[in-house]
Amino acid sequence: MEFTERVSHLAPEGAYQMLVRANEMEAEGHEIIHMEIGQPDFPTFENIVKAGTNALEEGHTRYSPSGGLGSLRQVLAEHAGKFRGIEIHASQVVVGPGAKPALFFPTMALVHPGDEVIIPDPGFPTYSAMIGVAGGIPVQVPLLEETDFSFDLEIFDSLVNDRTRMIILNSPSNPTGGVLPPSSLDHIAQVAIKNDIWVLSDEIYARITYDDAPVVSIATFPGMAERTVICDGFSKTFAMTGWRLGFGIMPETLAERVELLLTHAIGCTATFTQYAGIEALEGPQHQVEAAVAKYKERRDLLVDGLNSIPGVKCRMPQGAFYVFPNVSSFGRDSEWIANYLLEEAGVAVLPGTAFGNGGSGFLRLCFAIDAVRIELALDRIHEAFSKIF
Ligand code: PLP
């Protein structure tokens, strides 16, 4: 069948592909440890579920405004502003089904065909996909292992030109768990202002950080609020991946355009889900803190365990729930190794190349699984690697 140019470049997300293969193996009777898909292993917190079911029982089963319930936008403006230390108005907040619409629709509104967009490499695969749909050109800036996967600023500077329309940041990062230092953000902000470039800052992991990592939004730098789109959501922080709830924060005029795109593309976000979102923000926060403390324990266990396997080198991520070990010493490509670990060890992980060429020689493992399974995975990976080292 013939497709338009705007969709023919699209490919499935590596995580979903690996999940399908791992599930097939499970159906054949293999016991698989899932470290491929990036989502919390525990259910949505009880008070949030209750708020969602109450909303349904109370009859909140109809359309809501395309940009989100006024009450949710208000609460989001307060919470997101307080968290980042900036003032945000409800008119700057657009709610969508998941965080992805806050990436996709602002990109549709801002990127012209032929515009260049700088993206991190390795980076979340949706970035290049949505830039392609907009007719733009993704331009990769490498993330360096030796600086805990922050930008190579010299290369970054060399990539900026008069066709650069937008820069995408993702800190803490999927897939590396790296956090961009404030000095890099300052540099990027100055370049963006000088060259009149938009910044799309994907901050979906901003509340999942460790060791007092300095998680700063680029929107807080002078002159940046008017050229920054913040993408954030409920999926990871509140274990709400299946509820589909996220939001974008952007200048009001852009928010109005994005709301029109939402009107015509999705209508609105599920209304009861938005009521659950209000409870997530306004209700007790100790469960989020407890989850982050758990992730930290698991991170330490996994990083220590991986570093004790001959041939594996793993940096300590400062955020999100991913590790990105370097396995290049085995002399095989990342895809081969990911397939080998699935077949030989029953551990599902992703090849770093699922996130771009910059992921070559690396794997991504999600540590949002319990410690017992992490230990079992480490034993199995150790044994499998000892056969090829
Ligand atoms: N941004 C990043 C970096 C992610 O890792 C994800 C999900 O994995 C998203 C955005 C999308 O989040 P949501 O499921 O809320 O659309």
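**Surface patch and salt bridges in a predicted model**

Mentor: Met1, Phe3, Val7 and Leu10 make a nonpolar surface patch of about 470 Å². The model is predicted: local features need pLDDT of at least 70 and side-chain atom pairs pLDDT 80 or more, while totals for chains, interfaces and linings use all residues. Residues are numbered from 1 along each chain as its sequence is written, and side-chain values use heavy atoms, without hydrogens and water.

Trainee: Which residues make patches?

Mentor: Patches consist of residues with over 30% relative accessible area and no salt bridge; like charges are joined within 9 Å, and nonpolar side chains (Val, Leu, Ile, Met, Phe, Trp, Tyr) within 5 Å. Areas come from the Shrake-Rupley method with a 1.4 Å probe, and for residues only the protein chains shown count as cover. Here, Leu10 has a relative accessible area of 43% and is partly exposed (buried means under 20%, exposed over 50%, partly exposed in between).

Trainee: How many salt bridges does the structure hold?

Mentor: A salt bridge is a side-chain nitrogen of Lys or Arg within 4 Å of a carboxyl oxygen of Asp or Glu. The structure holds 17. In one of them, Arg73 meets Glu259 at 3.7 Å, N to O. Arg73 lies in helix α4 (residues 70-84) and Glu259 in helix α9 (residues 252-265), so the pair ties together parts 186 residues apart in sequence.

Trainee: Is Arg84 buried or exposed?

Mentor: Arg84 is buried, at 11% relative accessibility. Its salt bridge with Glu203 has the closest N and O atoms 2.5 Å apart, and Glu203 is buried at 4%. Asp232 also forms a salt bridge with Arg84, at 2.8 Å between the closest N and O atoms.

Notes: Buried means under 20% relative accessible area, exposed over 50%, partly exposed in between (1.4 Å probe, protein chains only). Helices (H or I, at least four residues) and strands (E, at least two) are DSSP runs, numbered from the N terminus.
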